[in-house]
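Here is a short briefing to read with the model open beside you. Please keep the sequence at hand too, and look up each residue as you go.

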Amino acid sequence: MAANKKLLVLAGDGIGPEVVGQVRRVIDWLDKRRHVSFDVSEGLCGGAALDAHGTPLKDETLAEALAADAVLFGSVGGPKWDNLPFEKKPERGLLRLRKEMDLFANLRPAMVFEALADASSLKPGLVKGLNIMIVREGTGGIYFGSPRGIETLPDGSRRGINTQVYTTAEIQRVARVAFELAGKRAKRVCSVEKANVMESGQLWREEVQALRDKSFAHIELSHMYADNCAMQLVRQPMQFDVIVTCNLFGDILSDCAAMLTGSLGMLPSASLGPLDAKTGRRHALYEPVHGSAPDIAGQGKANPLAELLSFAMLLRYSFDMGEDADLIENAVQNVLAAGVRTGDILGPGMQPVSTSAMGDAILKQLDRLAA
Ligand code: NAD
């Protein structure tokens with residue numbers, strides 16, 4: 001029994017509090033039915049924090065996030081704050097958390113629930129049972145490398161510069177996360193770069209291979225060029241288990257893989273920081289891929305399943321509670337199979353439900369599965 005794990009909930013703005021509200025009901029269910037207690041605290045981030053405190057993330061909230069075993073995040077932003085200066089925007093709160101928690105490994109699963117195979121942009125036969133994990137390096141590479149900028153040349157024309165740069169340590173720490181994840185899955189990692197045209201890609205390939213040979217001999221490692229990977233993701237996505245890649249290629253490939261699953265309201269994610277040798281834990285933040293959806297906020301229309309699946313990832317990866325994560329994922333699977341759908345994933349002949357009615361259906365399934 002895992003007791004008194006510290007969980008900080010930052011619901012944020014727009015539909016964030018609505019979808020997080022349904023997860024809170026599942027947390028209460030776990031407490032009552034599985035005798036799993038968490039120390040749950042709540043904080044403000046994004047527009048909600050701006051309105052209350054004049055900053056998108058208070059230092060105290062950041063300190064709580066750093067002290068927590070995991071952070072469950074909703075979403076931030078909205079038209080109310082769109083015209084604020086860049087450093088005041090709600091999104092700065094999330095960026096600060098990512099930076100201060102050193103969340104270098106971004107995990108984006110692309111999972112197709114059988115009942116949603118028709119919603120994929122590919123033929124159902126190509127994606128049925130799809131379960132890929134993309135591990136994207138999130139704090140280095142070309143989005144952060146220097147030199148960078150736009151300069152004016154002597155002839156008056158301009159030149160834009162960004163630099164892809166990685167060190168052994170940066171490559172190996174994200175590759176380690178990928179190998180460890182693969183060890184809990186199908187034990188296959190595909191490392192993706194452009195070693196044919198980029199020196200940083202050549203280094204990436206060598207360092208990932210060296211780490212595998214030294215510490216993860218039981219994991220099957222393959223290497224693939226990023227352009228080929230994009231093609232293979234839409235040609236034969238089932239060939240992949242875990243993909244590990246740099247910030248730039250991960251940004252693009254994870255969005256591509258996301259479309260294989262059909263709906264933004266179904267996509268969870270996790271971001272992990274370095275392992276603390278003393279406590280044996282990593283900073284970790286779990287959030288849906290979607291934003292605050294201002295167009296449907298406050299109307300009971302939001303699909304809470306991406307947030308709930310993010311919570312299932314939190315249980316699996318931060319709290320080592322794989323059985324409870326399985327339970328939640330099976331409940332989602334069964335609810336979808338029964339045709340219970342929020343508007344974003346509604347098909348002909350299915351039962352349209354509100355955000356809270358989807359929560360009801362999940363709790364009913366959890367009761368049934370745990371009986
Ligand atoms: P969005 O993801 O909020 O919405 C895109 C579309 O998908 C909308 O039509 C929305 O109604 C729909 N949608 C999203 N999540 C849904 C759900 N759970 N259920 C049903 N439908 C859902 O993206 P956007 O419209 O580009 O951005 C809106 C705001 O969110 C902006 O302020 C943006 O900056 C912010 N944003 C925040 C995050 C974050 O907090 N991590 C991420 C992306 C965007």
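Predicted model: local features only at pLDDT ≥ 70, side-chain atom pairs only at ≥ 80, totals over all residues.

The ligand is surrounded by 20 residues, and the protein buries 68% of the area that the ligand exposes when taken alone. Elsewhere, there are four aromatic pairs and a cis peptide bond between serine 146 and proline 147.

**The ligand site**

- Which residues are the closest to the ligand? They are Val76, Glu91, Gly291, Ala293 and Asp295, out of the 20 residues that surround the ligand.
- The shell around the ligand is made up of eight nonpolar, eight polar and four charged residues.
- Glutamate 91 places a polar side-chain atom 2.5 Å from an oxygen atom of the ligand.
- Glycine 291 takes part through its backbone, where a polar atom lies 2.7 Å from an oxygen atom of the ligand.
- Histidine 290 uses its side chain, with an N or O atom 3.3 Å from a nitrogen atom of the ligand.
- How much of the ligand does the protein bury? Taken alone the ligand exposes 810 Å², and 68% of that is buried by the protein.

**Aromatic rings**

- A pair of aromatic rings is described by how far apart the centres are and by the angle of the planes.
- The model holds four aromatic pairs. One of them joins tyrosine 166 and tryptophan 204 in an edge-to-face arrangement, at 5.2 Å centre to centre and with 70° between the planes.
- This pair links distant parts of the chain, as its two residues are 38 residues apart. Tyrosine 166 sits in the loop between strand E7 (158–161) and helix H6 (168–183), while tryptophan 204 belongs to helix H7 (residues 199–215).
- Are tyrosine 166 and tryptophan 204 buried or exposed? Both of them are buried.
- Phe38, Phe311 and Phe319 come together as one aromatic cluster.
- Arginine 173 lies over the face of phenylalanine 104, at 3.9 Å from the ring centre.

**Two aspartates in loops**

- Where is aspartate 69? You will find aspartate 69 in the loop between helix H3 (59–67) and strand E3 (70–75).
- A polar atom in the side chain of aspartate 69 lies 2.7 Å from the backbone nitrogen of lysine 6. The side chain of aspartate 69 also makes a polar contact with the side chain of arginine 281, at 3.5 Å.
- Aspartate 13 has its place in the loop between strand E1 (5–12) and helix H1 (16–33). Aspartate 13 counts as buried because its relative accessible area is 4%, and the cut-off for buried is under 20%.

**Backbone features to look up**

- Most residues other than glycine have a negative phi, and most peptide bonds are trans.
- The bond that joins serine 146 and proline 147 is cis, with omega about 5°. Proline 147 is found in the loop between strand E5 (131–137) and strand E6 (149–152).
- Histidine 35 has a positive phi, near 55°, and is found in the loop between H1 and strand E2 (38–43). Histidine 35 counts as exposed because its relative accessibility is 53%, and exposed means over 50%.
- Aspartate 102 also has a positive phi, near 55°, and lies in the loop between helix H4 (91–100) and strand E4 (105–111). Its relative accessible area is 26%, so aspartate 102 is partly exposed.

**Two more positions**

- Why does asparagine 83 count as exposed? Asparagine 83 counts as exposed because its relative accessibility is 79%. The place of asparagine 83 is in the loop between E3 and H4.
- Asparagine 83 and glycine 14 are 17 Å apart in space, C-alpha to C-alpha, and 69 residues apart in sequence.
- Alanine 70 lies in strand E3 and counts as buried because its relative accessibility is 1%.
- The C-alpha atoms of alanine 70 and methionine 111 are separated by 22 Å, and the two are 41 residues apart along the chain.

Note on methods
Residues numbered from 1 in each chain as written. Heavy atoms only, no water. Near = heavy atom within 4 Å. Polar contact = N/O pair within 3.5 Å; in protein donor to acceptor, adjacent residues only side chain to side chain. Areas by Shrake-Rupley, 256 points an atom, 1.4 Å probe, with all protein chains shown as cover. Nonpolar A, V, L, I, M, F, W, Y, C, P; charged D, E, K, R; others polar. Phe/Tyr/Trp six-rings, centres within 6.5 Å; stacked < 30°, edge-to-face > 60°. Helix = DSSP H or I, 4+ residues; strand = E, 2+ residues; numbered from the N terminus. Buried < 20%, exposed > 50% of the residue type's maximum accessible area, 1.4 Å probe, protein only. Lys NZ or Arg CZ within 6 Å of the ring centre and 35° of its normal.
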